[in-house]
Amino acid sequence: MAHKCFISFKTQDHAYKKYIHDELDVDMIDKSLHEPIDSDDEDYIMRKIRENYLSDSTVTIFLIGTKSAENSFFENQSFIKRELQASLYHGVNNTKNGILGIVLPDMVNSIYLGTNNCLTCGGSHSIVKIDDNTVIKEFSYNYYIPNNKCAWSEDDRYCVLTTWDNFCNNPNYFIDQAFDKRTHAISVSTKVRP
Ligand SMILES: [Zn+2]
């Protein structure tokens, strides 16, 4: 069964969203948050985003491009932050979405940095630079959920990560992985506002 997806992306990555919509067999909601919701009540904001934008989606796809850390002083935009918070929000009459991060081609060399030898276990770990320079905290925290170990296995993560090329080869495989996290044991360890 296809799971309905909401796509969170920066304006400059619109072409990738359009490609998913036009070319891939993905069941998606074609909306994104462009206007801030005027309220100081965080729970109200989360509920409104869920109702107006996420509606019946169960997976949020986060396109990771060069602006996805939302850390520029010159652009006061925090739409993907809000969209991810609302996706992770677990409230009355809604359950949180699975989160699938897709590393866009421009970011592959900034995120996948090879491997290093671990002094703790003597093994070798992949270096995947998911941090405040590459993504918003809502993604990095729930990808690297603190675990007191020297590395993370797939079971230690809530967010699923892949590259644009891998995603295009088999979109529903990765969407299913993110969907299944919603009922996985790790889902109790997520944070909405890390
Ligand atoms: Zn190790």
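Q: What joins the side chains of His 3 and Asp 176?
A: In this predicted model, a polar contact of 3.2 Å joins them. The cut-off for such a pair of N or O atoms is within 3.5 Å, so 3.2 Å qualifies.

Q: What makes the site of the zinc ion tetrahedral?
A: The angles among its four donor atoms run from 102 to 113 degrees. The rule asks that all angles lie between 85 and 135 degrees, so the site passes. For reference, the ideal value for four tetrahedral donors is 109.5 degrees.

Q: Which atoms count as donors of the zinc ion, and how do you know?
A: They are Cys 118 (SG), Cys 121 (SG), His 125 (NE2) and Cys 150 (SG), at 2.0 to 2.3 Å. A donor has to sit within 2.8 Å of the metal, so these distances meet the cut-off. Along the chain, the donors follow the spacing C-x2-C-x3-H-x24-C.

Q: How do you know which side of α2 the buried residues are on?
A: In α2 (residues 42-54), the buried ones are Ile 45, Met 46, Ile 49, Arg 50, Tyr 53 and Leu 54. They cover an arc of only 135 degrees around the axis, so they sit on the same side of the helix. Residues three or four places apart in an α-helix point the same way, because there are 3.6 residues a turn. The buried residues of α2 pack against β1, β2, β3 and α3.

Q: What makes β2 and β7 the edges of the sheet?
A: The five strands run in the order β2-β1-β3-β4-β7, with parallel pairing, in an open sheet. β2 and β7 each have a single partner strand, so one side of each is left without a neighbour in the sheet.

Q: Why do β4 and β7 count as paired?
A: Pairing needs at least two bridges, and these strands share four, so they qualify. In β7, Thr 163 is the bridge partner of Val 103.

Definitions and conventions. Residues numbered from 1 in each chain as written. Predicted model: local features only at pLDDT ≥ 70, side-chain atom pairs only at ≥ 80, totals over all residues. Heavy atoms only, no water. Buried < 20%, exposed > 50% of the residue type's maximum accessible area, 1.4 Å probe, protein only. Arc of directions from axis to C-beta. Contact = heavy atoms within 4.5 Å. Donors = N, O, S within 2.8 Å, 3.2 Å for Na, K, Ca; no water. Tetrahedral: all angles 85-135°; square planar, octahedral: opposite > 155°, others 65-115°. Polar contact = N/O pair within 3.5 Å; in protein donor to acceptor, adjacent residues only side chain to side chain.
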